[in-house]
Every structure is written in structure tokens, then in C-alpha cells.
Amino acid sequence: MLQCSMNNSLTEPSRIECLDGLRAAAALWVLVGHCLLLTGWHLPVLGDPALGVDLFIMLSGFLMVFHYQLRQDKEPWQRPETWLKFWTRRYFRIAPLFYVMLFFALALGPYVYESRTVIDAFVRRAPQAPERYLDSSLKNIFAHLTFLFGLSPNFAYRTPLPDWSLGLEMQFYAVFPALMLLVRRFGWLRCAIVVAALGALAVVALKFDVGPFPDAVLPAAEDPGFPVRHASGGRPG
């Protein structure tokens with residue numbers, strides 16, 4: 001029988017250890033799934049890394065709410081300084097390493113693109129768009145340094161990195177404090193219903209190809225780094 005233990009200490013908040021382990025399993029699922037995609041092997045379920053991505057994001061969202069619920073007495077969301085602390089923590093958790101990786105991705109883009117064309121030819125897949133690996137324009141660099149690339153279809157997939165997830169994360173972090181205030185005002189059930197309705201509308205929009213962005217399945221089918229990167233970082237927050 002699966003049991004979840006909560007680790008309490010004086011130096012860190014409580015954590016649900018079994019969910020950390022489940023996130024690691026989801027990350028491994030995505031990694032193995034992408035290895036299968038890039039080598040031409042096919043296995044049921046395990047060969048669909050999109051499911052692992054969905055599981056990982058869902059668990060990460062739950063754990064973030066859980067940890068910030070624990071802090072609500074010390075850092076109430078009604079105070080503007082709490083918002084600033086939250087955004088500052090999230091920025092410095094992500095930005096420094098991302099900027100280093102962005103530098104190497106842009107510098108090594110031509111080599112990575114050449115290697116990827118070899119892989120695509122081996123598995124008989126359509127070749128990748130060259131601009132994803134070769135765009136070193138100032139506009140592209142600015143969009144990525146400011147994390148605004150996820151808001152534009154022209155820059156959403158313009159580096160060899162699996163950074164599509166970072167744009168999505170930053171959008172979530174931008175609205176997270178406001179979501180917590182709405183939850184306190186209207187309750188979890190009402191907010192969950194609204195979020196579910198908005199999610200259903202998004203699914204319908206993607207199904208009928210509404211909007212200029214690439215297929216939402218593309219990141220999960222092409223970029224293995226998102227859950228692997230986060231699983232190594234432990235709990236969100």
C-alpha cells in the first residue's frame with residue numbers, strides 16, 4: 001500500500017515525498033519516450049511522452065499550491081511585497097541557468113541542427129525548421145531573455161532548447177498570486193470549475209486549429225528536457 005510521508009524540519013517546509021518520487025517517474029517516462037521517438041522504436045503508453053508531460057505539469061502545479069498554502073500566514077497574498085518575493089524567487093530559480101544554456105544553444109545551434117538532420121533522416125521524419133536552430137537575431141535573443149517568447153508564435157520555437165516550458169511557466173507564475181487571491185475570495189470549487197471550463201475551451205480551440213501557434217503536442221513530442229530539468233530541482237517553490 002502506497003504511503004505518503006511529509007518531511008518536516010526547521011530548515012525547509014513540509015514536502016510530500018511520494019509525489020516528488022512520482023514526478024521523477026514522470027520525468028523518466030518523458031526521457032524514455034523521447035529516446036524511443038528519436039530512435040524509431042514504438043512501445044505502447046511508454047512511447048507517448050505527452051502523457052508523462054501532462055502528469056508532470058499537473059503534479060508540479062499541485063505541489064506549488066501546496067507549498068504556498070503553507071506560507072500564507074507568513075506571506076499573505078494580500079500584501080504586494082509577497083507578490084514581489086514570489087516573482088523574485090521564481091525568476092532567480094530559473095533565469096541564471098537558462099541564460100547560460102541559451103548562450104551555448106545559440107552558439108552551437110548550427111552543429112545541433114546538423115546533428116538533428118542526421119537523426120531525422122535515420123528515422124525518416126520531416127526535417128526540423130532551420131530557424132529553430134539558426135536564429136541568433138537580436139529580436140529572438142531579447143524575446144528569450146525577457147521570457148516573452150512564449151507569447152509569440154514567431155519566437156515560441158526558436159532555439160534548440162526545450163524552453164517552450166519556460167515561457168509557459170513564466171505565464172503561470174505571472175498570474176499565480178492573483179489566482180490565489182481569487183481562490184480565497186470565491187473558494188476552491190468555484191475556481192476549479194472555471195479553470196476546467198477554460199481548459200475545455202482551450203482543448204476545443206486546439207482541436208480545430210484556432211490560432212497561429214504550432215500543435216500543442218509538438219513540445220511533448222520534440223523536447224525531452226522539461227520534466228528532466230525540473231525533477232533535478234526538487235520541489236517547486
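Biologist: How many helices and strands does the secondary structure come to?
Modeller: The protein has ten helices and two strands, where a helix is a DSSP run of H or I with at least four residues, a strand is a run of E with at least two, and both are numbered from the N terminus. Residues are numbered from 1 along each chain as its sequence is written, and side-chain values use heavy atoms, with hydrogens and water left out. This is a predicted model, in which local features need pLDDT of at least 70 and side-chain atom pairs count only at pLDDT 80 or more, while totals for chains, interfaces and linings use all residues.

Biologist: And in what order do the elements run from the N terminus?
Modeller: The order is β-β-α-α-α-α-α-α-α-α-α-α.

Biologist: How much of the protein counts as buried?
Modeller: Of its 237 residues, 35% are buried, meaning under 20% relative accessible area with a 1.4 Å probe and protein chains only, whereas exposed means over 50% and partly exposed lies in between. The protein exposes about 14300 Å², of which carbon and sulfur atoms supply 70%; these areas come from the Shrake-Rupley method with a 1.4 Å probe, and for residues only the protein chains shown count as cover. As for contacts, meaning heavy atoms within 4.5 Å, residues 24 or more positions apart account for 67% of those with a separation of 6 or more.

Biologist: Let's look at H7. What does the helix reach from its first C-alpha to its last?
Modeller: H7 covers residues 164-186, has 23 residues and reaches 32 Å, close to the 33 Å expected at 1.5 Å a residue, where the expected span is 1.5 Å times one less than the number of residues.

Biologist: Where does H7 bend?
Modeller: H7 bends by about 45 degrees at Phe176, and the proline Pro177 follows within four residues; the bend is the angle between axes fitted to the seven residues ending at a residue and the seven starting there. Both Phe176 and Pro177 are among the buried residues of H7, which also include Trp164, Tyr173 and Met180. After the helix comes Gly187, whose phi is positive, near 95 degrees.

Biologist: What about H3, where is its kink?
Modeller: The kink in H3 is about 30 degrees and lies at Ala95, shortly before the proline Pro96. H3 (residues 80-107) has 28 residues and spans 39 Å from first C-alpha to last, close to the expected 40 Å. Its buried residues include Phe86, Arg90, Ala95 and Phe98, and what covers the buried residues of H3 includes H2, H4, H6 and H7.

Biologist: Changing topic, how many aromatic pairs does the structure hold?
Modeller: There are 19 aromatic pairs, counted for rings of Phe, Tyr and Trp (its six-membered ring) with centres within 6.5 Å, where planes under 30 degrees apart are stacked, over 60 edge-to-face and the rest tilted. Tyr68 and Phe176 form an edge-to-face pair, because their ring centres are 5.8 Å apart and their planes stand at 65 degrees. That pair links distant parts of the chain, with Tyr68 in H2 (residues 49-70) and Phe176 in H7, 108 residues apart, and both residues are buried.

Biologist: Which residues do ring pairs link into a cluster?
Modeller: The cluster consists of Tyr68, Trp77, Phe86, Phe172, Tyr173 and Phe176. The charged end of Arg71 sits over the ring of Tyr68, 4.6 Å from its centre, a call that requires NZ of Lys or CZ of Arg within 6 Å of the ring centre and within 35 degrees of the ring normal. The charged end of Arg185 likewise sits over the ring of Phe186, 4.9 Å from its centre.

Biologist: Is Gly109 buried or exposed?
Modeller: Gly109 is buried, at 0% relative accessibility, and lies in H4 (residues 109-122). Leaving aside neighbours within four places in sequence, Gly109 is in contact with Tyr133, Leu134 and Pro160.

Biologist: What is the phi of Val45?
Modeller: Phi of Val45 is near 65 degrees, a positive value in a residue other than glycine. Most residues other than glycine have a negative phi. Val45 is in the loop between H1 (17-39) and H2, and is exposed, with 55% relative accessible area.

Biologist: And what about the phi of Phe147?
Modeller: Phe147 also has a positive phi, near 60 degrees, and sits in the loop between H6 (138-145) and H7, but Phe147 counts as buried, at 8% relative accessibility.
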